[in-house]
Amino acid sequence: MIEADNDEVLEEAARPGWQASLNLGFERRAETTLLVQREHRGPLRVQKALYPEGRDLCHAIVLHPPGGVAGGDCLEISVAAASGACVLLTTPGAGKWYRSGGRPAQQWLTVRVARDAIVEWLPQETIVFDGADATMHSRVELAGGGMFCGWEILCLGRTAAGERFATGRLDLATRIERDGQPLWVERGQLAGGSAWLAAAAGLAGQPVSATLLLAGRAVPREWLDACRTLTVTDGLLAGVSALPEVLVARCLAPQAEVARAWLSEVWKLLRPLALGRVAVVPRIWST
């Protein structure tokens, strides 16, 4: 058994990693938000622009055909929304970060939101396998009047199989700025098997952590109060807070489905208040 495991590690170390990039550009022309730039290298794609909510809001589904991120892979995703453009991006299913086999894997996300534009980044959950060595960095650059709403649902280990994040490493960073000034800066590193996973001040023994960030305008007290009235199911630890121009909703959960259900309710509540649009759940989430 040990010999087989060693063979797998050697095979993985010999595999060349995917170097993939995806550059998307959106513009508002008359009453329509158009996908005007779609450049890719390697296995990252957007097949077409979708309009389930009308022509003013463009939906796009970011595809990663290999189905998972392995050691040596590097994914770079860049999204630019020009003035007045409205965009929602999601993924067709859970993202998977495999055991790295001794080589780090990386994902770099950059979102640029021009004046009076809106970008929603709502990927489905990310499952980090035991033994993954993952770097996930996100940077959002807002112009005055631009709005960003994004979430991350992180599942440490394949919980359905009883797996925990016992070995490996996560390097996480998120930065949101407006006109070059930081609104939100967060950085964290987590080692597999760390005491922080079980600590009450850390992840409290929960395998799933999730965060929603809404940024770009002042956060009224009424938004916080409304979010805090949402039902919190058994086993879920949740809280909502705010900086002057960033609303933060966080939860810890025993399962990704529980975390996503609560974040979805927060999003449905905030979307009409902050973005002026009734929440319409992307159809891909139900397939």
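The model is predicted. Strand 12 and strand 13 form the hairpin. Glu177 lies in strand 12. The largest cavity holds about 30 Å³ of space.

**Hairpin**
- Strand 12 spans residues 169-178, and strand 13 spans residues 181-191.
- The two strands pair in the antiparallel sense, over ten bridges.
- Two residues sit between strand 12 and strand 13.
- Asp179, in the turn, has a positive phi of about 50 degrees.
- Arg175 has Val185 of strand 13 as its bridge partner.

**Glu177**
- Glu177 counts as buried because its relative accessibility is 8%, and the cut-off for buried is under 20%.
- The side chain of Glu177 makes a polar contact of 3.0 Å with the side chain of Arg175.

**Cavity**
- The count is one cavity of 30 Å³ or more.
- Cys149, Leu214, Trp267, Leu270, Arg271, Ala274 and Leu275 line the largest cavity.
- Helix 3, residues 256-275, gives the most to this lining, with five residues.
- By residue class, the lining has six nonpolar, no polar and one charged.
- Arg271 is in the lining, and Arg counts as charged.

Key: Residues numbered from 1 in each chain as written. Predicted model: local features only at pLDDT ≥ 70, side-chain atom pairs only at ≥ 80, totals over all residues. Heavy atoms only, no water. Helix = DSSP H or I, 4+ residues; strand = E, 2+ residues; numbered from the N terminus. Buried < 20%, exposed > 50% of the residue type's maximum accessible area, 1.4 Å probe, protein only. Polar contact = N/O pair within 3.5 Å; in protein donor to acceptor, adjacent residues only side chain to side chain. 1 Å grid on protein atoms, 1.4 Å probe; cavity = no way out; pocket = protein on both sides within 12 Å on 5 of 7 lines; lining within 4 Å. Points joined across faces, edges and corners; volume = space filled by probe spheres on them. Pairing = 2+ DSSP bridges.
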